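Trainee: Could we go through a structure together? I'd like to know where the labels come from.

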Protein chains: 2
Amino acid sequence: MARERCALALDPANVFADAVGEKHGLQRARLDAMADRLAEAHGLIQGRRGKDVGFMELPRDQETAGRIKRKAAELRNWCANFVVLGIGGSALGNIAVHSALNHPFHNLLPTGHPARRRAPRIFVLDNVDPALMAAFLETVEGELDRTAFNIITKSGSTAETMSQFLFVRDLLRRNGQDPADHIIVTTDPLEKNNVLHAIAEREGYFTLTIPHNVGGRFSVLSAVGLLGAAVGGIDISEMLSGAAAMDRQCSQSDPAANPAAVYAAILHLFYQRGKPITVLMPYSSALRRLSDWYCQLWAESLGKRDGLRANDVFVGPTPVGAAGVTDQHSVMQLFQDGPFDKVVTLIEVEQLLRAGRARDVRICRRKSEEELSYLAGSTFGELLSAELTATRCALRDKQRPNLTLRVPAVSARTLGELFMFFEYAVAFSGCLYGVNAFDQPGVELGKKYTYGLMGREGYEAPEGARRERRGAR
Amino acid sequence: MARERCALALDPANVFADAVGEKHGLQRARLDAMADRLAEAHGLIQGRRGKDVGFMELPRDQETAGRIKRKAAELRNWCANFVVLGIGGSALGNIAVHSALNHPFHNLLPTGHPARRRAPRIFVLDNVDPALMAAFLETVEGELDRTAFNIITKSGSTAETMSQFLFVRDLLRRNGQDPADHIIVTTDPLEKNNVLHAIAEREGYFTLTIPHNVGGRFSVLSAVGLLGAAVGGIDISEMLSGAAAMDRQCSQSDPAANPAAVYAAILHLFYQRGKPITVLMPYSSALRRLSDWYCQLWAESLGKRDGLRANDVFVGPTPVGAAGVTDQHSVMQLFQDGPFDKVVTLIEVEQLLRAGRARDVRICRRKSEEELSYLAGSTFGELLSAELTATRCALRDKQRPNLTLRVPAVSARTLGELFMFFEYAVAFSGCLYGVNAFDQPGVELGKKYTYGLMGREGYEAPEGARRERRGAR
């Protein structure tokens, strides 16, 4: 793996008082004063590295990457459909990777088409809505023998995913197929009561492992995200290489040279100053779904009741996804004129913005109407560029702090960098907020209630719920 | 149109102090005390009805509906692809309708398929990303002669949509097609400097009208949303009929009988008590994209700098979309354990939740492993139902106010009701926040900057922007 530098750059100019004014901007001295806390956080994070926190070690696992590539090559040979069954951290990374790096209309392209789809169709089913399940069945009807299912659950017992597994296994058997030929299990064998792993062993499924020290929302660079990526034809070594470069950048002890530390510090200072809403707004259709992955990472890691000293803190910024330029015609009105409670992170993709690049498209080759002549001679890239700059300046002039993350292109490499960047940033944020960024105890109550309502032994439904449920039948 | 009652019901039980506690719950008396303000708001809204505010009149326009149906029938005869080119209010309603009422994998279904797609493929291109435009071209390559483009912009001058228009017109001409055979324009001829309308007249395009008193984000029940719906085979009369029923419900003078007024009042009281984030969480995959439409409606209508007395107010709740059950494994951790700054609106679809209904799917017909036996005997509908109830109870028990909007099914009729409900709710909210819910002045600055950067005559780029832009070239 070449030790290349990071391509991603963080531009924080528009968060400072000299850009957005004293009232809503940050004094550079305030940020500098965070150095000690960031150094301490750095020590804590690196101290846990490879022990109970493993996300930053994932790019080093060449052996797993090789095994995934071989499995993917085999799947690409016989599959018409590759279906991810998972939810939360088992789905959102896959959706982000697929949306970013495959053709925007991947599943629609015929295999012999000029755009040459060389990979199976890819589906990520991250809900248990019966209408969705029924519709999916209709869509792959007649192709079950050429459909592979990647069942992803770290615990091996997630109710939604296990339901989907039971359904699919039954479906395959009823159609005369051997589930072992179609099912790939991605799970953590070290989890207690991992039913799925036991079944996979017993029934001989191909199994990929999620390291025990990597939580669901940090797992996109493990087998969780890599198998689907490789099946789609994405160069996973490049993705890991980008992530490794970012790991090197973010494990430096000097906070000022660490973009994740700087980013975390800025957002935390704004949180303390009454700006608890953090918006992620990529100016790239391909990165639109990265926001969903980011929202989980941010919300689940930092939205916590318990502080590190077992105190009640009830903290956490609220992440919000937005799409540039699209949402300039939607939520942007609120971002620019509403309460001063937000910080906006823009993602800029240089390749999309420069006229004349390979992927740019000219708006119009002929002359046009007078009123539209400002558009006619240009490209979509130039328009996108003008809109991004305009938004950045309008936010600034309206005293709305904003940052820009700049990448040269949407590629496997830069996506790997982005994943690692945000994962480090949330790890630093956890230290600043004084919470454990790596657990998610808040959703346990809902799970218990679900078990109780489904009649699982040892669980009880909550007061009112059973009554409500009887009414609904 | 039959004068049927509304099917949608609002269940606010979990916002009150007796459910979520004194500290975070509402006293019923506080809500009752809003009666006068709501009556005043009712008067204001109905006083503008059909004058400068027209959204509630849209269901009555049978003539336009008839014209749209005829045009749609013609398009369904010859089109392989129906493409909406629009942004913001011209796109989000179309996306919501298509996602809710057409097959979840509509574009993938072959026309002779058992699930019987009888409509063209439907695309909504709401961005100017060159990569997206290029990919779209690849996808419809060879089918341009069977592709129709619906250009939607109320002003007839939106930079993004006009670029797309110029591009498509040029593309059609270069391919020997007459643009007038392929382009349908949906616009407001009464807008000043409506270039698109002038072109449409000159070049003989089929044109549909957006009423002058209906703003973009309120236009889904006008030709903006109806043509695409009808092309997809959706019964637009049913949708309008549902909306009409909701209009009757929400134009009653008694606030207590008006679900939109009650909803607006509850959310406003919570906003004043430090809960400025409003989450919309449908427990239905089909309604997942309704949240994007809702976010625009809410953010653009209420996120305002100017109060009604020309004072600076900088108000507005922040709308956030979430998906049930999916986001129980994502942002739900924050909603349940983070700051007490949110109110969650759940959407419950009764048809999906009841076991044994036509669209339900059994998880597994055979016996399963002991640990999974609580799932094996059930259906996905039962699991979805248990999870919704569990979430509602967990939110309640964690003192998080939440409301439920209940509809019997996801249908053209209930979707029409939902649109009208939220539109009324935001109109009432505008009165309570003391802002004009029907303008969007905040995004003008960014538009001016974009024009300046694109070299449009009479506009200037902002300080710093031109320098930045030169640097990027």
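This is a predicted model: local features need pLDDT of at least 70, side-chain atom pairs count only at pLDDT 80 or more; totals for chains, interfaces and linings use all residues.

Trainee: What makes the reach of α7(A) close to the one expected?

Mentor: This helix, residues 159-174 of chain A, has 16 residues and reaches 22 Å from its first C-alpha to its last.

Trainee: Why is α7(A) called largely enclosed by the rest of the structure?

Mentor: Because 12 of its 16 residues are buried. To count as buried, a residue needs 20 or more other C-beta atoms within 10 Å of its own. Among those that pass are F165(A), L166(A), F167(A) and L172(A).

Trainee: On to chain B. What makes β1(B) an edge strand?

Mentor: The open sheet runs β1-β12-β11-β7-β10, with mixed pairing. Both β1 (9-11) and β10 (318-321) pair on one side only, so they are the edges. From one strand to the next, the twist averages 20°.

Trainee: Which helices lie across strands of chain B?

Mentor: One is α12 (residues 259-272), lying across β1, β7, β11 and β12 at about 30° to β1(B). Another is α13 (residues 290-302), which lies across β7 and β10 and runs at about 180° to β10(B).

Definitions and conventions. Residues are numbered from 1 along each chain as its sequence is written. Chains are lettered from A and ligands numbered from 1 in the order in which they are written. Helices (H or I, at least four residues) and strands (E, at least two) are DSSP runs, numbered from the N terminus. The expected span of a helix is 1.5 Å times one less than its number of residues. Two strands pair if DSSP finds at least two bridges between them. Axes are lines fitted to C-alpha atoms, for helices over the stretch in contact, and angles run from 0 to 180 degrees between N-to-C directions. Two residues are in contact if their C-beta atoms, placed from the backbone, lie within 7 Å.
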